[in-house]
Amino acid sequence: MNRDSSRKQAGAGSRRRRGRSWWWRWRRNPLRRHSDVVEAWIVLAIWAVALLGGVLAGWAVAQTVDHTFAERRADTRSVSAVLTEDAAEGTPVTAGYDIGRTWVTVRWTAADGTVRTGRAKAVPTAAAGSHVQVRVNGREQLVSAPPSKAAATFETVAAGVLGWQLTVTAVYGGGRLVRRRLLGRRLAEWDDEWRRVGPQWRNFSGGKG
């Protein structure tokens, strides 16, 4: 038998032993205790809740984020605004993706016909009187543009995955705490039983009780 065959057989034997060590809690045997059965059901419940609950939580988070983006798109519109000053005289943008642009005062006509003013970003070379496209909400307030469909899809998927991960982590962490308490209870049961059975073993072995 060559070395590769020996490794394959050893690996298969290890997997069988791991399988037997897991399933022994479900089989009737004299070493199985009530706490072992409870732990087996808890582990099964943890996996079920983690998988199903994680999927549902991720789906709910993704739906919430997608709904939020849809509301933002429905509540905003693009309008043409006029610069009331040269962009070179405005305040430079110092953060975000628009570094290099400047904040300038713009004027636009609202849906009710009134004239509104506000601060918007423009390229530094824009002159007073030139037009720039801005986004306003239903209250005619300047707002940032909603993410594109591609960006919204990416953020929705990322939020769903994050929600799934957080749910699985929370369920798994709670399950570990429960199993730790069960382990402590099992050790206490073993101590109590050994106090009852230990003297009998010493008598069988010829020791003094």
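Student: Which helix gives the largest share of the nonpolar patch?

Tutor: This is a predicted model, in which local features need pLDDT of at least 70, side-chain atom pairs count only at pLDDT 80 or more, and totals for chains, interfaces and linings use all residues. Residues are numbered from 1 along each chain as its sequence is written, and side-chain values use heavy atoms, with hydrogens and water left out. Helices (H or I, at least four residues) and strands (E, at least two) are DSSP runs numbered from the N terminus. Three residues, the largest share of the patch, come from residues 149-204, which form helix 3.

Student: What is the area of the nonpolar surface patch made by Val55, Val157, Val161 and Trp164?

Tutor: A patch is made of residues with over 30% relative accessible area and no salt bridge; like charges are joined within 9 Å and nonpolar side chains (Val, Leu, Ile, Met, Phe, Trp, Tyr) within 5 Å. Accessible areas come from the Shrake-Rupley method with a 1.4 Å probe, and for residues only the protein chains shown count as cover. One of the four members, Val157, is found in helix 3. Together, Val55, Val157, Val161 and Trp164 make a patch of about 350 Å².

Student: How many salt bridges are there?

Tutor: A salt bridge requires a side-chain nitrogen of Lys or Arg within 4 Å of a carboxyl oxygen of Asp or Glu. By this rule, the count is five.

Student: Why does the salt bridge between Glu140 and Arg77 tie together parts that are apart in sequence, and how many residues apart are they?

Tutor: The N to O distance between the Glu140 and Arg77 side chains is 2.5 Å. Glu140 lies in the loop between strand 5 (131-136) and strand 6 (142-143), whereas Arg77 lies in strand 1 (residues 77-83), so the parts joined are apart in sequence by 63 residues.

Student: Is Glu140 buried or exposed?

Tutor: Buried means under 20% relative accessible area, exposed over 50%, and partly exposed in between (1.4 Å probe, protein chains only). Arg77, at 32%, is partly exposed. With a relative accessible area of 10%, Glu140 is buried.

Student: Which residues do salt bridges that share partners join into one network?

Tutor: Arg101 pairs with Asp98, their closest N and O atoms being 4.0 Å apart. Asp98 also meets Lys121 at 3.0 Å, N to O. The network therefore consists of Asp98, Arg101 and Lys121.
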